[in-house]
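Take a moment with the sequence and the model before reading on. Then follow the text with the structure open beside it.

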Amino acid sequence: MANIDTGGGHGSKKSVDQEIPLVPFIDLLLCCVMFLLVTAVWNQLARLNANQQQPGQPQAQDTPPPETTKLILQVQTSGYTLASTEGDRIPIPKNGDAYDQEELINKLQERRNLDQNRHDIIVAPEDGVRYEDIIHAMDIAVGEGFQNLTLSDGASML
Amino acid sequence: MPIHQPGKVLLHHIPLKFVNDRVAGGGRKSVDLSIPLVPFIDFLIVLVVFLLMSFSASGELVAQQPSITMPDAANTQALEIAPIIAIDTRVVMLDGMRVADYSTLAQTANLDRIEQLVQNLETLKRNWTMLHPAQPFDGSLIIQADKEVDFRVIKKIMFSSAQAGYTNVSFAVNGTGGSGGGGGEGEGGGE
């Protein structure tokens, strides 16, 4: 058994030596380890949030929203296209087989610098695009400050 | 805490010297052992601290399925409780119940309504409204899809879920940092 000896306790004074009960302490630690091992969550799952703009979405408001310029990020099989309802289109073609994510980050940063208050973007993938590429595009958009993200059908945006 | 060698038990009654020597192990190295308690306790404390650091009070809200490899993302939020639509390259499931085949959905580009999915989601919505009469329904839904899944299928599932009133869609990903990775807590829509 482990103990703490202060070297005192001579004469009429009460001894201040203490003994740590090691066996119950080890039992407690082992119980903690067992409990934490059983309840441990090893995978770090999270979520990317998106509103959806679909024909089936119920219209909650009676009056139409004021007309504003919408920023649209199209994810196509040939690459990204950053467009807006004003009519401008910035194509970001694939770099070989992979999407040019660096260029997309640069273009989104330019957009952010033009309008710091804008936080909305519509990500519009087209048919045939892999889910992983959509998630990467959404992740980049959220990372560049466009937290108010809407996912829509790319075909309806063309 | 020493472990003592048990005393002589067998053959100790035989009055022969060489038998006694052999039984007692005379002249051999002692077999007493002691467990080094201080390093043992140090190890246990380090283990407990590590496990406490990775402890999640909300548990596993979304189970990782072997047939689904989710994509990675860094700018994520914590998960919340909501119905889960799992999509792999063979089947589409709502909370573990099969609602459609992937190959059927991937065949056409039309924005078809998945009737089984809409019905099941409407049932979940009715149940949630009955269980939470004072709270507004927020229409949260989690899509847990394999990274190879075609957007054509995702689109149909989102369309069908919107038809059932679930418009607040989240996509389950493997968190690679960011703000809210790991199991979070929340009161969402759903079951």
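What follows is a walk through this structure, beginning with chain A and ending at its surface.

Keep in mind that this is a predicted model. Begin with the overall plan of chain A. Its secondary structure comes to four helices and eight strands. In what order do they come along the sequence of chain A? The pattern reads β-β-α-β-β-β-β-α-β-α-β-α. Chain A has 158 residues, and 39% of them count as buried. Look next at the contacts in chain A between residues at least 6 apart in sequence. Of these, 56% join residues at least 24 apart. The accessible surface of chain A comes to about 9,100 Å². Carbon and sulfur atoms account for 53% of that surface.

Now find two helices of chain A. Two packed helices are described by the angle between their axes and the distance between the axes. Helix α2(A) covers residues 101–114, and its axis comes within 10 Å of the axis of α3(A). The two axes cross at roughly 35°. The crossing is right-handed. Which residues meet there, between α2(A) and α3(A)? From α2(A) come Q101(A), L104(A), I105(A) and L108(A). From α3(A) come H136(A), I140(A) and A141(A).

Charged side chains come next. Side chains of opposite charge can pair when their charged atoms come close. The structure holds twelve salt bridges over all chains. One of them is formed by the side chains of R152(B) and D127(A), at 3.7 Å from N to O. R152(B) lies in helix α5 of chain B, residues 151–163, while D127(A) lies in the loop between β7 and α3 of chain A, so this pair joins two chains.

Is K155(B) buried or exposed? It counts as buried, because its relative accessibility is 2%.

R130(A), E132(A), D133(A), K147(B) and E148(B) are linked in a network of salt bridges. Within chain B, D101(B) forms a salt bridge with R98(B). Their closest N and O atoms are 3.0 Å apart. D101(B) is partly exposed, with a relative accessible area of 29%.

Which helix gives the most? That is α2(B), with three residues. Take I45(B), which is found in helix α2 of chain B. I45(B) is partly exposed, because its relative accessible area is 34%. Patches are made of residues with over 30% relative accessible area, so the 34% of I45(B) passes that cut-off.

Methods
Residues numbered from 1 in each chain as written. Chains lettered and ligands numbered in written order. Predicted model: local features only at pLDDT ≥ 70, side-chain atom pairs only at ≥ 80, totals over all residues. Heavy atoms only, no water. Buried < 20%, exposed > 50% of the residue type's maximum accessible area, 1.4 Å probe, protein only. Contact = heavy atoms within 4.5 Å. Areas by Shrake-Rupley, 256 points an atom, 1.4 Å probe, with all protein chains shown as cover. Salt bridge = Lys/Arg side-chain N within 4 Å of Asp/Glu carboxyl O. Axes fitted to C-alpha atoms, helices over the stretch in contact; angles between N-to-C directions. Left-handed = near helix turned anticlockwise from the far one by under 90°.
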